[in-house]
Structures are given as C-alpha cells and as structure tokens.
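Welcome! Here is a short tour for anyone meeting this structure for the first time.

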Amino acid sequence: MVKVNGTETGFDGKSIAALVENEGYDRTRVAVELNMEIVPKARYDETILKDGDSVEIVGFVGGG
C-alpha cells in the first residue's frame, strides 16, 4: 500500500503522474513529496510508486 496524504491507497506500481491525475489535481499546480523528498515535475511520469511509499501532494490555489 502507498500512503497518500495520510491515507492508505492501492497506487503501488503506478506513476506519480497517474496518481496526481486520479486525485484530480492539475500537475502544473502541485508539489509532490515522495518519502520526504520533493519530486521534480519532469520525473512524475517515470517515478513508479512502491509498496510502503509515503506521498504528500500539495495543491496551489490563488486568491487574495
């Protein structure tokens, strides 16, 4: 199982890009941390999640 924002999910074996899309985020407006390290956007497609990974996704919103 992969933990995403504190919740166990079945995303092991899938890419960060697939996870971000599935969660409904715009990949240009998020930051992703994998096991306490920021993943560059250019590596979202090639970074495959493994059992035991911990992911935090932070979405950016504008306003004022």
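A salt bridge is a side-chain nitrogen of Lys or Arg within 4 Å of a carboxyl oxygen of Asp or Glu. Glu46 and Arg43 form one of these, with their closest N and O atoms 3.3 Å apart. Please keep in mind throughout that this is a predicted model.

## The overall picture

Let's step back to the whole chain. It contains one helix and five strands, and along the sequence they follow the pattern β-β-α-β-β-β. The radius of gyration is 11 Å, close to the 11 Å that the globule rule gives for 64 residues, so the chain is as compact as a globular protein of that length. Along its principal axes, the C-alpha trace spans about 40 × 25 × 20 Å.

How much of the chain is buried? Buried residues account for 30% of the 64 residues. The accessible surface of the chain comes to about 4,200 Å², and 51% of that surface belongs to carbon and sulfur atoms. Contacts also reach along the sequence: among those between residues at least 6 apart, 55% join residues at least 24 apart.

## Charged partners

How many salt bridges does the structure hold? There are two. Glu46 is exposed, because its relative accessible area is 54%, while Arg43 is partly exposed at 42%.

In the other, the side chains of Asp45 and Arg27 meet at 3.4 Å, N to O. This pair links distant parts of the chain, 18 residues apart. Asp45 sits in the loop between strand E4 (37–39) and strand E5 (54–59), and Arg27 in the loop between helix H1 (16–22) and strand E3 (30–34). Asp45 counts as exposed because its relative accessibility is 52%; Arg27, at 32%, counts as partly exposed.

Here are the two bridges side by side:

| Asp45 | Arg27 | 3.4 Å |

## Around the rings

A charge can also meet a ring. Where does the charged end of Lys14 sit? It sits over the ring of Phe11, 5.4 Å from the ring's centre.

## A buried threonine

Next, have a look at Thr9, which lies in strand E2 (residues 7–9). Is Thr9 buried or exposed? Thr9 is buried, because its relative accessible area of 15% falls under the 20% cut-off. Leaving aside neighbours within four places in sequence, Thr9 is in contact with Met1, Val2 and Val4.

## Two positive phi values

Our last stop is the backbone. Most residues other than glycine have a negative phi. Asn5 has a positive phi, near 50°, and is not a glycine. Asn5 is placed in the loop between strand E1 (2–4) and E2, and with a relative accessible area of 34% it is partly exposed.

Met36 is not a glycine either, and its phi is positive too, at about 70°. This residue lies in the loop between E3 and E4. Met36 counts as exposed because its relative accessibility is 74%, which is over the 50% cut-off.

Technical notes: Residues numbered from 1 in each chain as written. Predicted model: local features only at pLDDT ≥ 70, side-chain atom pairs only at ≥ 80, totals over all residues. Heavy atoms only, no water. Helix = DSSP H or I, 4+ residues; strand = E, 2+ residues; numbered from the N terminus. Buried < 20%, exposed > 50% of the residue type's maximum accessible area, 1.4 Å probe, protein only. Lys NZ or Arg CZ within 6 Å of the ring centre and 35° of its normal. Rg over C-alpha atoms; globule rule 2.2 N^0.38 Å. Contact = heavy atoms within 4.5 Å. Areas by Shrake-Rupley, 256 points an atom, 1.4 Å probe, with all protein chains shown as cover.
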